[in-house]
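Student: I would like to learn how to read the ring pairs and contacts of a protein model. Could we go through one together?

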Amino acid sequence: MTEFERELVKSFNTSFERDQIDGIAYRIKQHRFSSQALDILVDSLNPDYYLGIECKSVSTKKGANALYFTQHFSTDKNGIHQIERIDEFLKKSGRTGFLAIELRRGTGKPREACILKWSELKKRYDDDSVGFTMDELMELPQISRDGTDYVIDPQLWRR
């Protein structure tokens with residue numbers, strides 16, 4: 001589990017406890033030779049918190065100028081793209097999907113994160129786009145921070 005995933009899971013669970021929402025965020029342990037559906041699953045009887053979240057981290061320090069569908073997502077041994085696998089899981093499970101993107105700017109600079117509804121990501125993928133530019137990512141809704149913790153704003157995660 002990456003630090004970003006761990007921070008998001010912790011932030012969701014802290015928010016649920018603080019706001020007295022029956023919900024839990026977690027990550028299923030990934031085994032060496034098996035794939036996982038998504039990075040983070042959020043379960044709740046509240047439909048606004050029945051989520052599947054894929055996390056990607058982009059290092060702008062290394063000169064990345066976009067989130068690319070070929071570079072940042074995998075293709076399995078059967079040639080099925082990660083976006084297609086995740087989309088199928090979301091449809092079958094009834095979860096609302098999101099892509100959470102962490103932008104790493106280098107040592108001593110704060111990390112930023114934004115979210116994208118899965119339906120918007122899938123539409124862009126289906127349109128044969130190569131991905132999202134850094135400028136487009138910066139225009140997405142931001143996941144704010146309180147110190148080192150992400151703040152889970154319920155409005156960001158609504159259907």
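Tutor: Gladly! Let's begin with contact, which means heavy atoms within 4.5 Å. Leaving aside neighbours within four places in sequence, D87 is in contact with W118 and K122. As for the ground rules, this is a predicted model, where local features need pLDDT of at least 70, side-chain atom pairs count only at pLDDT 80 or more, and totals for chains, interfaces and linings use all residues. Residues are numbered from 1 along each chain as its sequence is written, and side-chain values use heavy atoms, with hydrogens and water left out.

Student: Where is D87 found, and is D87 buried or exposed?

Tutor: D87 is found in helix α2; helices (H or I, at least four residues) and strands (E, at least two) are DSSP runs, numbered from the N terminus. The relative accessible area of D87 is 11%, so D87 is buried. Buried means under 20% relative accessible area, exposed over 50%, and partly exposed in between (1.4 Å probe, protein chains only).

Student: How is a pair of aromatic rings described?

Tutor: By the distance of the centres and the angle of the planes. Rings of Phe, Tyr and Trp (its six-membered ring) pair if their centres lie within 6.5 Å; planes under 30 degrees apart count as stacked, over 60 as edge-to-face and the rest as tilted. A search of the whole structure finds 6 aromatic pairs. In one of them, F4 and Y150 are edge-to-face, at 5.6 Å centre to centre and 70° between the planes.

Student: Which parts does the pair of F4 and Y150 tie together?

Tutor: F4 lies in helix α1 (residues 3–18) and Y150 in strand β9 (residues 149–150), so the pair ties together parts that are 146 residues apart in sequence. Both F4 and Y150 are buried.

Student: Why is the pair of F69 and F132 edge-to-face?

Tutor: Because the planes are at 90°, with the ring centres 6.1 Å apart. F69 counts as buried at 3% relative accessibility, and F132 is buried at 6%. Ring pairs link F69, F73, Y125 and F132 into a cluster.

Student: Which residue lies over the face of F73?

Tutor: That is K56, at 4.6 Å from the ring centre. A charge sits over a ring if NZ of Lys or CZ of Arg is within 6 Å of the ring centre and within 35 degrees of the ring normal. Likewise, R145 lies over the face of Y150, at 4.3 Å from the ring centre.
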